[in-house]
Each structure stands twice: as C-alpha cells, then as structure tokens.
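Biologist: I would like to learn how to read a model like this one, step by step. Could we go through it together?

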2 protein chains.
Amino acid sequence: MTEESAAQTLAAVIAKLKSRNIRITPQREVILNYLITHHNHPDVETIYQGIADQLPNLSVATVYNTLKLFIDNDIIIELPSTDKDGSLHYDFFGVPHFHAICENCGKITDVFADEYSAINKQVAQLTRQQTNYQVTNSHLEVYGLCPECRQKLNLQKGTG
Amino acid sequence: MTEESAAQTLAAVIAKLKSRNIRITPQREVILNYLITHHNHPDVETIYQGIADQLPNLSVATVYNTLKLFIDNDIIIELPSTDKDGSLHYDFFGVPHFHAICENCGKITDVFADEYSAINKQVAQLTRQQTNYQVTNSHLEVYGLCPECRQKLNLQKGTG
DNA sequence: AGTTTGTTTAGAATCATTCTAGTCTTTTTG
DNA sequence: CAAAAAGACTAGAATGATTCTAAACAAACT
Ligand SMILES: [Mn+2]
Ligand SMILES: [Mn+2]
Ligand SMILES: [Zn+2]
Ligand SMILES: [Zn+2]
C-alpha cells in the first residue's frame, strides 16, 4: 500500500466516523493511522509502543477504549490470543480477508482470496435462514502449522 | 440426541484418546461427558458447577488442563468471550457447524448446514494454496443481532 | 461565560487463567 | 509383588490482560 492510498483510507474512515457523530481526537486518529499502516496484527501493548513517540501521555485505557469503538463501528476486527501470549490482537479490516493461525508458533497470516466474498455472502444467508439473526459481519480463522514450523517439526521428528 | 447415542459418542472419543496413549481419568471422563451432553457453549465456571456433584474435590486447574487437552486433540473448540463476560467458551465439536454470536446479549447460536462441509473444504484448500500452511481445522463466527435483541432494540427505538 | 456532554489520564481493582509444590495414581521395571 | 518413574490432580498463590474509577481536560451547546 502506498503512502497516498493509506492517507486516503484514513480520510475515508474519519469521514465515516464523523458521519456518525463520533469525535476525532488526536488519540483516535493516531491509533487509527497506526492500524491502517501496520498489518502485523498487533496486540494492545504493540500498538501502545508503536505510537509512544507521537502521543507521550497516552494511557493504555484509551487504547482499549478506542479499539472497542473501532470494533463497534466495524472498522477493525479482534483476533483470538495465539496461545503463546494471552492478549487479543487487532486488525484493520479494509479489504475483507481471513486468517491462518499457526498452532505451534502463534503466527497470524492473512489470506486474501476472491472467493472469500462469495463464501461470506453464502454464510450470511445460511445464518439468516437458520437463526433469523440480522448479520453484520463474520470472522473466519483457519488453524494449522505454518511452513516454518512444519519444517522444524518434521526435522525434529526425523532426528529424534 | 438420545441417551444412547451420547453414550456411543463418549465411548468413541474415549477410544480415540486411548489410541493416542492418553489416560482416561475419572475427571476427564466426567468433563468429556458434560461437554457431549450439554450444547450450551459453557465457560469454565459453568462446567465446574455442572459437575460439582459428581466430582466434589475437583480443582479448576484440572478443568483448564483437561479442556486444553481436548482442544489439542480436536475434540472440542474454544469460542471467543462474548463481550458481557470475559471468559472463553467451549463446545464439543462432534458434528461440524459454525456459530452466530449476538453482539448485544452475547448469545451463541449453533448453525448446522449441509453446505458448511463444502465451504470448509474450499477454505482449507485456499489456505493451503496461498500460505502453504498444513491445515488442521477452522472456526467460523458470524456476528449480528439475535431475533430477541432485534425486537427489543426496534421497540426501544420506536418508543424512545 | 457557563453548562453539559464526551474523552483522556493514571492508577487501582478485577478476575480469568496459569503456575507451583506437594500428593496421589497409574505404569513400568526387576 | 515392591520399588521407581511418569503422569495427573489439588489447593492456593501469582500473573497479567482488561476494566473500572475519579479527577482533569476538551469540545459542543445555550
Ligand atoms: Mn489480517
Ligand atoms: Mn456449537
Ligand atoms: Zn508456526
Ligand atoms: Zn441477543
């Protein structure tokens, strides 16, 4: 993603929030910008460290509050804690995608696929039909072994 | 599910565990049986309370340990904490299905659909192709408003 | 300018989960 | 069978991510 399109994305999301009468504070803008420009699925601590230079007096409570606000407005999603650490992870969800999570090292890998849009629609429809829920969004996580861990574990098996 | 098929299911899972040289202790059997016979997506506390009469000296640490064992052996799945409470939920995963989660009240609803098996296969294949992960399983959660909350919130909106 | 409403901060409090040390149980070995 | 080793359980302490609280700050409204 280029600098320019990140800026455009930021502007678009801010417009969306403003249209809902949500105030854009410096804290919110910096956190949002961090999430748009970092696709490493950070936890709260990582976000906090990553913007410490821009907001020296920031409170972690504000990070938590802001993330909750963004989640409620379907701007970011929350990902489960990947065994190794006990903290939740966050992800700007501009382009819909799903996640592969390594059961060995906890790595989270994006999966972008054209087919995902159709799958999503089908899932939403199935849910409406069977449960009468009003669907707003959905999360898909695929679990397994990442290539690195697969190799590592195979080698261990071979040597042990 | 009838009494008989629950017993059969229990026996089958126990056989699976034994075949992997995992010991079947009284605690494990009671917890497993609870999960097979209760499809209310309980958290640790609910499980603990639900079997207190059968295992008066049970430690919560054992519940945590046992649930982790079952997850690692793909017998149960873990579901995210549903906002209202901060605890994870567990679900015996005999018949594959996905979950609709109400963003208002936190209710978790099962969604069984014949199409899910095909979707699952497609997702696993997409993941393998694009990430080279070795896929073991996947979770799908659909978020939205349950029928009860939808009605409640519409009424409120109308009255407010 | 004063009032109301919403936001942030810093630190305390909560509480789900993990860890630890000691005990008990099962399996293995001789 | 007895002894030793490995595995599992318990009770309670420790951890640490998240939430809560009270006071200061900022913006919107009258
Ligand atoms: Mn992602
Ligand atoms: Mn279920
Ligand atoms: Zn890995
Ligand atoms: Zn609901």
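This is a predicted model: local features need pLDDT of at least 70, side-chain atom pairs count only at pLDDT 80 or more; totals for chains, interfaces and linings use all residues.

Biologist: Let's begin with the metal. How are the donor residues of the manganese ion (ligand 1) spaced in sequence?

Modeller: The spacing of the donor residues reads H-x49-D-x5-H-x1-H-x10-D. In the structure, those letters are His41(A), Asp91(A), His97(A), His99(A) and Asp110(A). Each histidine coordinates the manganese ion (ligand 1) through NE2 and each aspartate through OD, at 2.0 to 2.3 Å.

Biologist: Are Asp91(A) and His99(A) buried or exposed?

Modeller: Both Asp91(A) and His99(A) are buried, with relative accessible area under 20%.

Biologist: Now the sheet, please. In what order do the strands lie?

Modeller: The general idea comes first: strands of a sheet pair through backbone hydrogen bonds, either parallel or antiparallel. Here, 6 strands make an open sheet with mixed pairing, in the order E4(A)-E3(A)-E5(A)-E5(B)-E3(B)-E4(B). Strand E4 (108-111) of chain A and strand E4 (108-111) of chain B each have a single partner strand, so one side of each has no neighbour in the sheet. On average, neighbouring strands are turned by 25 degrees against each other, direction ignored.

Biologist: How many bridges join strand E5 of chain A to strand E5 of chain B?

Modeller: There are 11 bridges between these two strands, each spanning residues 134-145, and the strands run antiparallel.

Biologist: Next, the DNA. Which residues are closest to DNA strand D?

Modeller: Tyr64(A), Thr25(B), Gln27(B), Arg28(B) and Thr62(B) are the closest of the 16 residues that surround DNA strand D.

Biologist: What parts of DNA strand D lie within 4 Å of the protein?

Modeller: Sugar or phosphate accounts for 82% of those DNA atoms, and bases for the rest. Among the phosphate contacts, a polar side-chain atom of Lys68(A) sits 3.4 Å from a phosphate oxygen. Backbone atoms take part too: a polar one of Leu88(A) is 3.1 Å from a phosphate oxygen, and an N or O atom of Ser59(B) is 3.2 Å from one.

Biologist: Which elements give two or more residues to that surface?

Modeller: They are helix H4 (60-72) of chain A, plus helix H2 (26-37) and helix H4 (60-72) of chain B. H4(A) provides the largest share, 3 residues.

Terms used. Residues are numbered from 1 along each chain as its sequence is written. Chains are lettered from A and ligands numbered from 1 in the order in which they are written. Side-chain values use heavy atoms; hydrogens and water are left out. Two strands pair if DSSP finds at least two bridges between them. Helices (H or I, at least four residues) and strands (E, at least two) are DSSP runs, numbered from the N terminus. Axes are lines fitted to C-alpha atoms, for helices over the stretch in contact, and angles run from 0 to 180 degrees between N-to-C directions. Donors are N, O and S atoms within 2.8 Å of the metal (3.2 Å for Na, K and Ca); water is not among the atoms, so sites may look incomplete. Buried means under 20% relative accessible area, exposed over 50%, partly exposed in between (1.4 Å probe, protein chains only). A residue is near a molecule or strand if one of its heavy atoms lies within 4 Å of it. A polar contact is a pair of N or O atoms within 3.5 Å; within protein, one must be able to donate a hydrogen and the other to accept it, and residues adjacent in sequence count only if both atoms are side-chain atoms.
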